[in-house]
Amino acid sequence: MYKRIKEDIDCILARDPAAKSRLEIVTCYPGLHAIWVHRMAHRLWTRGWHWLGRFISHLGRLLTGIEIHPGAKIGHRVFIDHGYGVVIGETAEVGDDCTIYQGVTLGGTRLYKGQKRHPTLGQGVVVGAGAQVLGGFTVGAAARIGSNAVVVKPVPAGATAVGNPARIILPAHDSPQTEQARQASGMASEMAPSMSSTSPTAEQGCDPCDQDKLDTKPLQDILAAQHIRQTSASQDGAGSNEEFNAYAVNASDTDPLVRVLHELIDHTAKQDARIAQLCRTIESMGKKVNGADDNLDVERLNKLVD
(Lines give C-alpha, C1' and ligand atoms only; values in the text may rest on other atoms or scores of the structure.)
Protein backbone atom coordinates (compact mmCIF):
# COMPACT_ATOMS: atom_id res chain seq x y z
CA MET A 1 0.00 0.00 0.00
CA TYR A 2 2.74 2.46 0.96
CA LYS A 3 4.65 1.64 -2.21
CA ARG A 4 1.65 2.45 -4.43
CA ILE A 5 1.00 5.72 -2.60
CA LYS A 6 4.65 6.70 -3.09
CA GLU A 7 4.39 5.79 -6.79
CA ASP A 8 1.30 8.00 -7.16
CA ILE A 9 3.07 10.98 -5.60
CA ASP A 10 6.36 10.49 -7.44
CA CYS A 11 4.67 10.22 -10.84
CA ILE A 12 2.99 13.59 -10.29
CA LEU A 13 6.30 15.14 -9.27
CA ALA A 14 7.85 13.81 -12.47
CA ARG A 15 5.08 14.89 -14.87
CA ASP A 16 3.79 18.17 -13.44
CA PRO A 17 6.28 21.07 -13.36
CA ALA A 18 3.85 23.01 -11.15
CA ALA A 19 4.22 20.49 -8.31
CA LYS A 20 6.55 21.94 -5.66
CA SER A 21 6.41 19.39 -2.86
CA ARG A 22 4.89 16.09 -1.79
CA LEU A 23 2.81 17.89 0.82
CA GLU A 24 1.25 20.06 -1.87
CA ILE A 25 0.47 16.98 -3.97
CA VAL A 26 -1.12 15.07 -1.11
CA THR A 27 -3.31 17.98 -0.01
CA CYS A 28 -4.09 19.91 -3.20
CA TYR A 29 -4.31 17.50 -6.15
CA PRO A 30 -7.90 16.30 -6.80
CA GLY A 31 -6.71 13.81 -9.41
CA LEU A 32 -4.71 12.00 -6.75
CA HIS A 33 -7.64 12.05 -4.33
CA ALA A 34 -9.93 10.64 -7.03
CA ILE A 35 -7.53 7.73 -7.63
CA TRP A 36 -7.35 6.92 -3.92
CA VAL A 37 -11.12 7.08 -3.48
CA HIS A 38 -11.58 4.88 -6.54
CA ARG A 39 -9.33 2.18 -5.12
CA MET A 40 -11.54 1.89 -2.06
CA ALA A 41 -14.71 1.91 -4.14
CA HIS A 42 -13.32 -0.61 -6.62
CA ARG A 43 -12.31 -3.00 -3.86
CA LEU A 44 -15.85 -2.94 -2.49
CA TRP A 45 -17.34 -3.30 -5.96
CA THR A 46 -15.30 -6.40 -6.83
CA ARG A 47 -16.34 -8.00 -3.52
CA GLY A 48 -20.02 -7.58 -4.29
CA TRP A 49 -20.72 -4.44 -2.23
CA HIS A 50 -22.05 -2.59 -5.24
CA TRP A 51 -24.17 0.05 -3.53
CA LEU A 52 -21.47 0.96 -1.02
CA GLY A 53 -18.80 1.11 -3.72
CA ARG A 54 -21.01 3.34 -5.85
CA PHE A 55 -21.79 5.59 -2.89
CA ILE A 56 -18.11 6.06 -2.07
CA SER A 57 -17.36 6.89 -5.71
CA HIS A 58 -20.21 9.41 -5.56
CA LEU A 59 -18.61 11.06 -2.55
CA GLY A 60 -15.33 11.18 -4.44
CA ARG A 61 -17.09 12.90 -7.34
CA LEU A 62 -18.53 15.54 -5.00
CA LEU A 63 -15.09 16.13 -3.51
CA THR A 64 -13.00 16.20 -6.69
CA GLY A 65 -15.32 16.78 -9.67
CA ILE A 66 -13.97 13.55 -11.19
CA GLU A 67 -16.40 10.68 -11.81
CA ILE A 68 -14.87 7.21 -11.94
CA HIS A 69 -17.23 4.24 -11.88
CA PRO A 70 -16.18 1.76 -9.20
CA GLY A 71 -16.14 -1.01 -11.82
CA ALA A 72 -13.44 0.70 -13.90
CA LYS A 73 -9.90 -0.66 -13.75
CA ILE A 74 -7.13 1.88 -13.11
CA GLY A 75 -3.47 0.89 -13.36
CA HIS A 76 -0.37 2.07 -11.53
CA ARG A 77 1.03 5.61 -11.71
CA VAL A 78 -2.03 7.06 -13.46
CA PHE A 79 -2.02 10.86 -13.31
CA ILE A 80 -5.28 12.80 -13.71
CA ASP A 81 -4.06 16.39 -14.15
CA HIS A 82 -6.49 19.10 -12.95
CA GLY A 83 -9.19 16.53 -13.60
CA TYR A 84 -12.42 18.50 -13.29
CA GLY A 85 -15.07 16.98 -15.54
CA VAL A 86 -13.29 13.68 -16.15
CA VAL A 87 -15.72 10.75 -16.58
CA ILE A 88 -14.53 7.13 -16.69
CA GLY A 89 -17.13 4.46 -17.38
CA GLU A 90 -17.79 1.10 -15.79
CA THR A 91 -15.96 -1.16 -18.25
CA ALA A 92 -13.10 1.25 -18.97
CA GLU A 93 -9.53 0.14 -18.35
CA VAL A 94 -6.65 2.58 -17.88
CA GLY A 95 -3.16 1.13 -18.18
CA ASP A 96 -0.06 1.97 -16.17
CA ASP A 97 1.60 5.38 -16.54
CA CYS A 98 -1.33 7.01 -18.37
CA THR A 99 -1.96 10.75 -18.15
CA ILE A 100 -5.49 12.17 -18.41
CA TYR A 101 -6.28 15.87 -18.52
CA GLN A 102 -9.46 17.70 -17.53
CA GLY A 103 -12.76 17.24 -19.32
CA VAL A 104 -11.92 13.80 -20.71
CA THR A 105 -14.66 11.20 -21.20
CA LEU A 106 -13.92 7.49 -21.47
CA GLY A 107 -17.47 6.61 -22.41
CA GLY A 108 -19.57 4.08 -24.23
CA THR A 109 -21.83 4.07 -27.27
CA ARG A 110 -23.92 1.01 -26.35
CA LEU A 111 -26.53 0.44 -23.69
CA TYR A 112 -26.28 -3.35 -23.38
CA LYS A 113 -25.41 -4.70 -19.96
CA GLY A 114 -22.57 -7.16 -19.58
CA GLN A 115 -20.71 -5.98 -22.67
CA LYS A 116 -17.43 -4.11 -23.05
CA ARG A 117 -18.81 -0.60 -23.65
CA HIS A 118 -15.89 1.63 -22.67
CA PRO A 119 -12.34 1.97 -24.05
CA THR A 120 -9.12 0.38 -22.89
CA LEU A 121 -6.05 2.63 -22.67
CA GLY A 122 -2.69 0.93 -23.08
CA GLN A 123 0.40 1.75 -21.08
CA GLY A 124 1.64 5.33 -21.26
CA VAL A 125 -1.32 6.81 -23.17
CA VAL A 126 -1.82 10.60 -22.95
CA VAL A 127 -5.37 11.94 -23.35
CA GLY A 128 -5.58 15.70 -23.94
CA ALA A 129 -8.06 18.09 -22.37
CA GLY A 130 -11.65 17.72 -23.50
CA ALA A 131 -11.07 14.56 -25.54
CA GLN A 132 -13.89 12.04 -25.91
CA VAL A 133 -12.92 8.39 -26.32
CA LEU A 134 -16.15 6.48 -26.97
CA GLY A 135 -16.52 2.75 -27.48
CA GLY A 136 -15.21 -0.61 -26.38
CA PHE A 137 -11.97 -0.53 -28.37
CA THR A 138 -8.30 -0.30 -27.45
CA VAL A 139 -5.98 2.69 -27.58
CA GLY A 140 -2.50 1.29 -28.07
CA ALA A 141 0.45 1.82 -25.75
CA ALA A 142 2.11 5.25 -25.88
CA ALA A 143 -0.64 6.65 -28.12
CA ARG A 144 -1.70 10.28 -27.74
CA ILE A 145 -5.20 11.72 -28.02
CA GLY A 146 -5.25 15.40 -28.92
CA SER A 147 -7.26 18.03 -27.12
CA ASN A 148 -11.01 17.96 -27.97
CA ALA A 149 -10.57 14.94 -30.23
CA VAL A 150 -13.52 12.57 -30.62
CA VAL A 151 -12.19 9.03 -30.98
CA VAL A 152 -14.60 6.27 -31.97
CA LYS A 153 -12.23 3.66 -33.39
CA PRO A 154 -9.04 1.89 -32.26
CA VAL A 155 -5.79 3.85 -32.16
CA PRO A 156 -2.55 1.99 -32.96
CA ALA A 157 0.30 1.99 -30.49
CA GLY A 158 2.43 5.12 -30.71
CA ALA A 159 -0.01 6.95 -32.99
CA THR A 160 -1.67 10.33 -32.45
CA ALA A 161 -5.41 10.97 -32.85
CA VAL A 162 -6.61 14.54 -33.48
CA GLY A 163 -9.79 16.22 -34.68
CA ASN A 164 -13.51 15.48 -34.75
CA PRO A 165 -13.93 12.78 -35.87
CA ALA A 166 -10.39 11.86 -34.96
CA ARG A 167 -7.79 11.31 -37.68
CA ILE A 168 -5.00 8.86 -36.95
CA ILE A 169 -1.47 10.18 -37.50
CA LEU A 170 1.00 7.30 -37.54
CA PRO A 171 4.61 7.66 -36.38
CA ALA A 172 6.82 9.28 -39.01
CA HIS A 173 9.10 6.26 -39.36
CA ASP A 174 6.20 4.20 -40.70
CA SER A 175 6.07 6.30 -43.93
CA PRO A 176 8.94 7.61 -46.10
CA GLN A 177 9.24 11.29 -46.88
CA THR A 178 8.47 10.79 -50.53
CA GLU A 179 5.14 9.18 -49.67
CA GLN A 180 4.35 12.11 -47.38
CA ALA A 181 5.03 14.54 -50.21
CA ARG A 182 2.85 12.61 -52.64
CA GLN A 183 0.00 12.56 -50.14
CA ALA A 184 0.42 16.30 -49.67
CA SER A 185 0.22 16.91 -53.39
CA GLY A 186 -2.93 14.84 -53.63
CA MET A 187 -4.43 16.77 -50.74
CA ALA A 188 -3.64 20.03 -52.49
CA SER A 189 -5.37 18.89 -55.67
CA GLU A 190 -8.55 18.20 -53.70
CA MET A 191 -8.40 21.46 -51.76
CA ALA A 192 -7.52 23.82 -54.61
CA PRO A 193 -10.93 23.91 -56.39
CA SER A 194 -12.80 24.80 -53.22
CA MET A 195 -10.31 27.52 -52.33
CA SER A 196 -9.95 29.09 -55.76
CA SER A 197 -12.85 31.48 -55.13
CA THR A 198 -11.03 32.95 -52.10
CA SER A 199 -7.48 32.81 -53.47
CA PRO A 200 -5.40 36.01 -53.45
CA THR A 201 -5.18 36.01 -57.26
CA ALA A 202 -8.95 35.98 -57.58
CA GLU A 203 -9.33 38.83 -55.13
CA GLN A 204 -6.81 40.93 -57.06
CA GLY A 205 -9.19 41.36 -59.96
CA CYS A 206 -8.66 38.41 -62.32
CA ASP A 207 -11.24 37.91 -65.02
CA PRO A 208 -13.86 35.37 -63.78
CA CYS A 209 -13.42 33.40 -66.99
CA ASP A 210 -9.77 32.79 -66.05
CA GLN A 211 -10.55 31.34 -62.60
CA ASP A 212 -10.19 27.77 -63.86
CA LYS A 213 -6.67 28.58 -65.07
CA LEU A 214 -5.32 29.53 -61.66
CA ASP A 215 -2.08 27.76 -60.87
CA THR A 216 -2.39 25.48 -57.84
CA LYS A 217 1.26 24.44 -57.86
CA PRO A 218 2.25 26.87 -55.04
CA LEU A 219 -0.35 25.28 -52.79
CA GLN A 220 0.96 21.81 -53.62
CA ASP A 221 4.52 22.93 -52.91
CA ILE A 222 3.50 24.37 -49.52
CA LEU A 223 1.73 21.16 -48.51
CA ALA A 224 4.59 18.94 -49.66
CA ALA A 225 7.21 21.05 -47.89
CA GLN A 226 5.21 21.09 -44.67
CA HIS A 227 4.84 17.29 -44.68
CA ILE A 228 8.56 16.82 -45.27
CA ARG A 229 9.45 19.22 -42.44
CA GLN A 230 7.07 17.45 -40.09
CA THR A 231 8.54 14.06 -40.97
CA SER A 232 12.10 15.27 -40.44
CA ALA A 233 11.26 16.85 -37.09
CA SER A 234 9.45 13.73 -35.93
CA GLN A 235 12.38 11.52 -36.87
CA ASP A 236 14.82 13.77 -35.04
CA GLY A 237 12.78 13.56 -31.83
CA ALA A 238 10.82 10.35 -32.19
CA GLY A 239 9.08 9.29 -29.00
CA SER A 240 9.44 12.68 -27.35
CA ASN A 241 6.38 13.90 -25.47
CA GLU A 242 7.52 17.49 -26.10
CA GLU A 243 6.08 17.24 -29.63
CA PHE A 244 2.60 16.70 -28.21
CA ASN A 245 0.62 19.46 -26.54
CA ALA A 246 -2.28 18.14 -24.49
CA TYR A 247 -4.02 21.52 -24.60
CA ALA A 248 -3.75 21.87 -28.40
CA VAL A 249 -2.12 25.29 -28.14
CA ASN A 250 0.29 24.17 -30.86
CA ALA A 251 -2.13 21.90 -32.69
CA SER A 252 -0.44 22.77 -35.98
CA ASP A 253 2.67 20.90 -34.75
CA THR A 254 0.78 17.60 -34.77
CA ASP A 255 -1.84 18.14 -37.49
CA PRO A 256 -0.32 18.96 -40.90
CA LEU A 257 -3.67 19.99 -42.36
CA VAL A 258 -4.26 22.60 -39.66
CA ARG A 259 -0.72 23.92 -40.05
CA VAL A 260 -1.09 24.33 -43.81
CA LEU A 261 -4.43 26.09 -43.45
CA HIS A 262 -2.87 28.53 -41.00
CA GLU A 263 -0.12 29.30 -43.50
CA LEU A 264 -2.66 29.87 -46.25
CA ILE A 265 -4.64 32.23 -44.03
CA ASP A 266 -1.47 34.19 -43.23
CA HIS A 267 -0.58 34.34 -46.93
CA THR A 268 -4.07 35.63 -47.79
CA ALA A 269 -3.83 38.31 -45.11
CA LYS A 270 -0.50 39.52 -46.52
CA GLN A 271 -1.94 39.64 -50.03
CA ASP A 272 -4.93 41.65 -48.77
CA ALA A 273 -2.59 44.16 -47.17
CA ARG A 274 -0.60 44.47 -50.41
CA ILE A 275 -3.77 44.99 -52.46
CA ALA A 276 -4.92 47.70 -50.04
CA GLN A 277 -1.55 49.43 -50.41
CA LEU A 278 -1.80 49.27 -54.22
CA CYS A 279 -5.30 50.76 -54.12
CA ARG A 280 -4.13 53.64 -51.94
CA THR A 281 -1.23 54.31 -54.29
CA ILE A 282 -3.53 54.32 -57.33
CA GLU A 283 -5.97 56.70 -55.64
CA SER A 284 -3.11 59.05 -54.75
CA MET A 285 -2.32 59.23 -58.49
CA GLY A 286 -5.87 60.34 -59.26
CA LYS A 287 -7.10 57.00 -60.56
CA LYS A 288 -10.39 55.45 -59.51
CA VAL A 289 -10.25 51.96 -58.08
CA ASN A 290 -14.02 51.37 -57.94
CA GLY A 291 -16.48 51.30 -60.83
CA ALA A 292 -15.07 50.78 -64.29
CA ASP A 293 -11.57 50.17 -63.02
CA ASP A 294 -12.52 47.21 -60.79
CA ASN A 295 -11.33 44.71 -63.42
CA LEU A 296 -7.73 45.89 -63.42
CA ASP A 297 -5.45 42.87 -63.33
CA VAL A 298 -2.28 42.56 -61.30
CA GLU A 299 0.09 43.47 -64.15
CA ARG A 300 -1.79 46.71 -64.90
CA LEU A 301 -1.79 47.59 -61.21
CA ASN A 302 1.95 47.06 -60.99
CA LYS A 303 2.51 49.21 -64.09
CA LEU A 304 0.42 52.00 -62.59
CA VAL A 305 2.41 51.86 -59.35
CA ASP A 306 5.71 51.89 -61.22
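Cys98 is buried, at a relative accessible area of 0%, and Cys279 is partly exposed, at 23%. Buried means under 20% relative accessible area, exposed over 50% and partly exposed in between, with a 1.4 Å probe and protein chains only. The model is predicted, so local features need pLDDT of at least 70 and side-chain atom pairs count only at pLDDT 80 or more, while totals for chains, interfaces and linings use all residues. Residues are numbered from 1 along each chain as its sequence is written, and side-chain values use heavy atoms, without hydrogens and water.

- The structure has zero disulfides (a pair of cysteine sulfur atoms within 2.5 Å).

**Cavities**
- Two cavities of 30 Å³ or more are counted; a cavity is a set of points on a 1 Å grid over the protein atoms alone where a 1.4 Å probe fits but cannot get out, and lining residues have an atom within 4 Å of a point.
- A volume is the space filled by probe spheres set on the points, which are joined across faces, edges and corners.

**Largest cavity**
- The largest cavity holds about 50 Å³ of space, and its lining includes His38 and Arg61.
- Helix 4 (50-64) and helix 3 (30-46) each supply at least two lining residues, with the largest share, four residues, from helix 4.
- Helices are DSSP runs (H or I, at least four residues), as are strands (E, at least two), numbered from the N terminus.

**Second largest cavity**
- The second largest cavity holds about 40 Å³ of space, and among its lining residues are Asp8, Cys11 and Phe79.
- Helix 1 (2-15), helix 3 and strand 3 (79-80) each give at least two residues to this lining.

Note on methods
On a 1 Å grid over the protein atoms alone, a cavity is a set of points where a 1.4 Å probe fits but cannot get out, and a pocket is an open set with protein on both sides within 12 Å along at least five of seven lines; lining residues have an atom within 4 Å of a point.
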